[in-house]
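Welcome! Open your viewer, get ready to select residues, and follow along one stop at a time.

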Amino acid sequence: MTALVWAVTLALFFSGLATTVLRRQLLAMLLGLELMISSVNVALVYSASLAHDPDILAVVLLLLAVAAAEAVVGLGLIMRAYSRGIPAETEAFAELRG
Amino acid sequence: MSLAEIALASSGIFAAFFGLKMLFERSLYAAAIWLLGALLQVAVFFFFAGAPLLAFLQIVIYAGAVMVLVVITIMAAPGSAGLRVGPLRLPKFLAAGTLLIPLAQVALFLSLGGMGKGSLGGEMGGQVLLGKLLFGRYAAATELVTILLFLAALSIVDFEVKGKA
């Protein structure tokens with residue numbers, strides 16, 4: 001059972017990683033990040049259920065909140081790019097400025 | 001393998017399947033729907049792992065709030081970008097299936113007694129215990145995350161103000 005959960009976690013994580021690395025749209029990259037975070041949460045919750053350790057669940061709950069904040073800021077930045085007429089793709093953000 | 005483990009395995013396999021479908025999907029709408037399916041399956045996983053509160057929060061925060069924001073962002077994609085990422089290219093029964101499969105799993109395994117004494121986590125994820133941890137031992141971390149959420153909200157307002165200026 002543990003091997004199956006680890007396989008699922010790895011499949012989810014690498015699906016997210018591949019989406020983040022291979023896709024050009026910023027929104028698709030953000031979706032990949034969400035999937036990677038979910039895969040980590042799956043591993044943590046399964047570890048918590050094996051060890052009967054509620055502390056890990058508290059950490060997962062905090063992680064959920066942090067991931068939500070990250071998603072909101074990322075989506076806000078993409079909306080800002082849309083409103084300024086910049087295509088939300090990686091080519092448009094290839095240089096640092098400031 | 002106990003019933004709870006079978007429930008965990010089925011939700012994990014479905015989540016991995018939906019995640020892989022998202023990877024190979026060109027349309028952002030369809031990718032978002034596959035991601036929604038994966039997130040709901042993760043919630044089912046949490047439920048049968050003995051963390052029903054986390055499952056509830058996963059649905060409310062991820063499958064609810066974040067996915068609504070994602071769909072709104074896709075809808076706001078201008079002109080050519082919108083045409084390129086917009087089309088659903090996904091049969092509607094498949095899209096409905098991503099929502100119905102988790103419900104069917106929970107109903108099936110609960111009716112078979114999947115959350116009984118053999119459940120993996122037992123009462124581990126009870127909200128009273130989690131509340132005591134979050135506002136006791138992890139109070140500082142909880143406060144930090146609260147401040148982070150507040151800053152995220154402020155940054156969105158700042159983006160809007162600067163966008164209009």
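Start with helix H1 of chain B, residues 3–23, and helix H5 of chain B, residues 92–111. Select B:Leu3, B:Ile6, B:Ala7, B:Ser10, B:Ser11, B:Phe14 and B:Phe18 in H1(B), and you will find them meeting B:Thr98, B:Ile101, B:Gln105 and B:Phe109 in H5(B). Contact here means heavy atoms within 4.5 Å. By class, this contact has seven nonpolar, four polar and no charged residues. Ala, Val, Leu, Ile, Met, Phe, Trp, Tyr, Cys and Pro count as nonpolar, Asp, Glu, Lys and Arg as charged, and the others, Gly among them, as polar.

Before moving on, a note on the model: it is predicted, so local features need pLDDT of at least 70 and side-chain atom pairs count only at pLDDT 80 or more, while totals for chains, interfaces and linings use all residues. Residues are numbered from 1 along each chain as its sequence is written, chains are lettered from A and ligands numbered from 1 in the order in which they are written, and side-chain values use heavy atoms, with hydrogens and water left out.

How do H1(B) and H5(B) cross? Their axes come within 11 Å and cross at roughly 175 degrees. The two helices are therefore roughly antiparallel to each other, a label for angles over 145 degrees. Axes are lines fitted to C-alpha atoms, for helices over the stretch in contact, and angles run from 0 to 180 degrees between N-to-C directions.

Next, select B:Met1, in the segment before H1 of chain B. Is B:Met1 buried or exposed? B:Met1 is exposed, with a relative accessible area of 66%; exposed means over 50%, buried under 20%, and partly exposed in between, using a 1.4 Å probe and protein chains only. Leaving aside residues up to four places away in sequence, B:Met1 touches A:Met1 and B:Ile6. Now pick B:Leu151 as well: its C-alpha atom is separated from that of B:Met1 by 46 Å.

Zoom out to chain B. Colour by secondary structure and you will see seven helices and zero strands; helices are DSSP runs of H or I with at least four residues, strands are runs of E with at least two, and both are numbered from the N terminus. Of the 165 residues of chain B, 46% count as buried.

Zoom in on H3(B), which has 24 residues and reaches 32 Å from its first C-alpha to its last, close to the 34 Å expected at 1.5 Å a residue. That expected span is 1.5 Å times one less than the number of residues. Where is the kink in H3(B) centred? Select B:Met67: the kink there is about 30 degrees. The bend at a residue is the angle between axes fitted to the seven residues ending there and the seven starting there. Buried residues in H3(B) include B:Met67, B:Tyr62 and B:Val70.

Among the contact residues are A:Leu27 and A:Val45 of H2(A), and B:Leu54 and B:Ile74 of H3(B).

Finally, find A:His52 in the loop between H2 and H3 of chain A. A:His52 has a positive phi of about 50 degrees although it is not a glycine.

Notes: Angles under 35 degrees count as roughly parallel, over 145 as roughly antiparallel, 65 to 115 as roughly perpendicular and the rest as oblique.
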